[in-house]
Amino acid sequence: MTEVHNKIPMDSGNIMDLFHRGRPVRVCAPMVRYSKLAFRCLVRRYDCDVCFTPMIVAADFMRSAKARDSEFTTNKTDRPLIVQFAAKDAQTLADAACVVSPFSDGVDLNCGCPQRWAVSGGYGACLINKPELVKDMVRHVRNQIDNPNYAVSIKISLVHAAVTSKFSLGDKNI
């Protein structure tokens, strides 16, 4: 595995503290081709509290240094930052999370992308029908990241979820 270059490790606080400040939390959600570093820097100038990266395919990210360098860029002012991954197996997601964890405040597993390429590849919205796999992926990340304040979240599409399944992760302590 190649090291991530041009990234500055930063100390992470608890991103959940943002929700206890007594005001709404302004979030820049992941947007295809728009949520790159330059856009995140722009929205932060307008008091965005948390930014997400665009969805990154975890397997490609782990397979190629070129993919890592082109898909994940950040700087010391790009915090709090959540890195969104598309993944279909727990270990690949956990490995990708370990690579980005020194430079971000959390990872988000995309379980809502309805694009045909994602669903046919086993990513995105098709995971809504695989709650045990999603649970396993979250647990793998949680078990491999040393920082107890590092956030692990799941993005779902409520419209797609309502149409395709009844989604439940069972116990709340993932």
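Reader: Are Asp78 and Arg44 buried or exposed?

Author: Buried means under 20% relative accessible area, exposed means over 50%, and partly exposed lies in between, with a 1.4 Å probe and protein chains only. Both Asp78 and Arg44 are buried. This is a predicted model, in which local features need pLDDT of at least 70 and side-chain atom pairs count only at pLDDT 80 or more, while totals for chains, interfaces and linings use all residues. Residues are numbered from 1 along each chain as its sequence is written, and side-chain values use heavy atoms, with hydrogens and water left out.

Reader: How many helices and strands does the protein have?

Author: Helices (H or I, at least four residues) and strands (E, at least two) are DSSP runs, numbered from the N terminus. The protein has seven helices and six strands. Read from the N terminus, their order is β-α-β-β-α-α-β-α-β-α-α-β-α.

Reader: What share of the 174 residues is buried?

Author: Buried residues account for 43% of the 174. For the surface, accessible areas come from the Shrake-Rupley method with a 1.4 Å probe, and for residues only the protein chains shown count as cover. The protein has an accessible surface of about 9500 Å², and 55% of that belongs to carbon and sulfur atoms.

Reader: What share of the contacts joins residues 24 or more positions apart?

Author: A contact means heavy atoms within 4.5 Å. Among contacts with a separation of 6 or more, 71% are between residues 24 or more positions apart.

Reader: How many salt bridges does the structure hold?

Author: Side chains of opposite charge can pair when their charged atoms come close. The rule used here asks for a side-chain nitrogen of Lys or Arg within 4 Å of a carboxyl oxygen of Asp or Glu. The structure holds eight such salt bridges. One of them joins Asp78 and Arg40, at 2.7 Å from N to O. Asp78 lies in the loop between helix 3 (65–71) and strand 4, and Arg40 lies in helix 1 (residues 37–44), so this pair ties together parts 38 residues apart in sequence. Asp78 and Arg40 are buried.

Reader: What else does Asp78 meet in a salt bridge?

Author: The side chain of Asp78 also meets that of Arg44, at 3.1 Å from N to O. Arg44 is in helix 1 and Asp78 in the loop between helix 3 and strand 4, so the pair ties together parts 34 residues apart in sequence.

Reader: Where do Asp60 and Arg63 lie?

Author: Both are in helix 2, three residues apart, about one turn of the helix. Asp60 and Arg63 form a salt bridge whose closest N and O atoms are 2.8 Å apart. Asp60 is partly exposed, at 36% relative accessibility, and Arg63 is exposed, with a relative accessible area of 63%. Elsewhere, salt bridges with shared partners join Arg21, Arg23, Arg26 and Asp49 into one network.

Reader: How many aromatic pairs are there?

Author: Rings of Phe, Tyr and Trp (its six-membered ring) pair if their centres lie within 6.5 Å; planes under 30 degrees apart count as stacked, over 60 as edge-to-face and the rest as tilted. The count comes to two aromatic pairs. Phe61 and Phe85 have ring centres 5.5 Å apart and planes at 65°, so that pair is edge-to-face. Phe61 is in helix 2 (residues 58–63) and Phe85 in strand 4 (residues 81–86), 24 residues apart, and their pair links distant parts of the chain. Both Phe61 and Phe85 are buried. Trp117 and Tyr123 make a tilted pair, with 6.4 Å centre to centre and 55° between the planes.

Reader: Which residue lies over the face of Tyr123?

Author: A charge sits over a ring if NZ of Lys or CZ of Arg is within 6 Å of the ring centre and within 35 degrees of the ring normal. Lys88 lies over the face of Tyr123, at 5.3 Å from the ring centre. Tyr123 is buried, at 10% relative accessibility, whereas Trp117 is partly exposed, at 40%.

Reader: How many disulfides does a search of the whole structure find?

Author: A disulfide is a pair of cysteine sulfur atoms within 2.5 Å. The search finds zero disulfides. For Cys28, the nearest cysteine sulfur is that of Cys51, 4.8 Å away. The sulfur of Cys51 has its closest cysteine sulfur in Cys48, at 3.8 Å, too far for a bond. Cys28 is buried, at 8% relative accessibility, and Cys51 is buried at 0%.
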